[in-house]
Each structure stands twice: as C-alpha cells, then as structure tokens.
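Please read this report beside the sequence and the coordinates. The headings follow the order in which a reader might inspect the side chains.

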Amino acid sequence: MPELPRTGPSKKHKEILEKYAGYPIKTFAYPNGQKNDYNKEVVNILKELGFEVALTTITGFNTVDTNPFELKRMSMDNTQSFSLFLSTVSGFRSFLQSLR
C-alpha cells in the first residue's frame, strides 16, 4: 500500500466517504498512524479538505496545546475493566507507575 505522504488524501475520497456516511466528515485517522506516516504537507492537505482533527496511533495524552492534527490515543480492549479504563484515561495509572 502506498505511503500517505506520497499519495495524500484527496477531495474525491472525502466526497465519497461523506456521501456514504450521509454527513460531513471532520476527523481523519492516519494509516498506520506513526510520526513517519504523515508530514506537514499532509496536514495542510487535510486542513484544505476541511478536516478539523487527525488521529495517530501514538500512545499518550493530549492537552490543550496538542496539535489537533497529531492527536494521540489510548489503547484499550474488551478484556480490561472499566476501572482500568478510567485509571488509564485519567492519567492515574501512569502516575502510579511513575512511583515505582
């Protein structure tokens, strides 16, 4: 599969997705989602196409200073408890791990 920086998202692709979904799409998820899977040129194209945010697969927390086109994620699955989910997304779990 071609890398995103070489091919880039297109207006045509976005229009097809919006027609299928039935509403404007404002969020983009980078294929593979690591730092080397996108660049400033891709971010500029996303902005021109009307996207408001883009998601990476980089684990971490977002703050008010986080670039909305480089949003990090938390990985969870259905084997983890709701308590573990809450402690992870609140940062409490990371805090406890830093005390070790």
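What follows describes selected residues, their surroundings and their contacts.

## Basis of the description

This is a predicted model, in which local features need pLDDT of at least 70 and side-chain atom pairs count only at pLDDT 80 or more, whereas totals for chains, interfaces and linings use all residues. Residues are numbered from 1 along each chain as its sequence is written, and side-chain values use heavy atoms, with hydrogens and water left out.

## Salt bridges

The structure holds 2 salt bridges, a salt bridge being a side-chain nitrogen of Lys or Arg within 4 Å of a carboxyl oxygen of Asp or Glu. One of them joins the side chains of K14 and E18, with an N to O distance of 2.6 Å. Both residues belong to helix α2 (residues 11-21), where K14 and E18 are 4 residues apart, about one turn of the helix; helices (H or I, at least four residues) and strands (E, at least two) are DSSP runs, numbered from the N terminus. K14 counts as buried because its relative accessibility is 8%, given that buried means under 20% relative accessible area, exposed over 50%, and partly exposed in between (1.4 Å probe, protein chains only).

The side chains of K35 and E70 also meet in a salt bridge, at 2.5 Å from N to O. Since K35 lies in the loop between β1 and α3 and E70 in the loop between β2 (53-59) and β3 (71-73), this pair ties together parts that are 35 residues apart in sequence. With a relative accessible area of 23%, E70 is partly exposed.

A search of the whole structure finds 5 aromatic pairs; rings of Phe, Tyr and Trp (its six-membered ring) pair if their centres lie within 6.5 Å, and planes under 30 degrees apart count as stacked, over 60 as edge-to-face and the rest as tilted. The rings of F28 and Y30 have centres 5.6 Å apart and planes at 75°, so this pair is edge-to-face. F28 and Y30 are both buried, and ring pairs link F28, Y30, Y38 and F51 into a cluster.

N32 is placed in the loop between β1 (27-29) and α3 (40-48). Its phi is near 70°, a positive value in a residue other than glycine, and N32 counts as exposed at 62% relative accessibility.

S81 is found in the loop between β3 and α4 and is partly exposed, with a relative accessible area of 40%. A polar atom of the S81 side chain lies 3.1 Å from the backbone nitrogen of L84. Polar contacts are pairs of N or O atoms within 3.5 Å; within protein, one must be able to donate a hydrogen and the other to accept it, and residues adjacent in sequence count only if both atoms are side-chain atoms. The backbone oxygen of L84, in turn, lies 3.0 Å from a polar atom of the side chain of S87.

S87 is found in helix α4, where it is buried at a relative accessible area of 17%. When residues up to four places away in sequence are not counted, S87 touches F92 and R93, contact meaning heavy atoms within 4.5 Å. T88 also has its place in helix α4 and is buried, with a relative accessible area of 10%. The side chains of T88 and R93 are joined by a polar contact of 3.3 Å, and, with the same exclusion of residues up to four places away in sequence, T88 touches F61, M74, M76 and R93.

Which residues form a nonpolar patch on the surface? The patch consists of F82, F85, L86 and V89, which together have about 370 Å² of accessible area. Patches are made of residues with over 30% relative accessible area and no salt bridge, like charges being joined within 9 Å and nonpolar side chains (Val, Leu, Ile, Met, Phe, Trp, Tyr) within 5 Å; accessible areas come from the Shrake-Rupley method with a 1.4 Å probe, and for residues only the protein chains shown count as cover.

F82 has its place in helix α4 and is exposed, with a relative accessible area of 57%. V89 lies in helix α4 (residues 82-90) and counts as partly exposed at 37% relative accessibility.

## Towards the end of the chain

L99 lies in the segment after α5 (92-98) and is exposed, its relative accessible area being 57%. The C-alpha atoms of L99 and I16, 83 residues apart along the chain, are separated by 49 Å, while those of F82 and S98, 16 residues apart along the chain, are separated by 21 Å.
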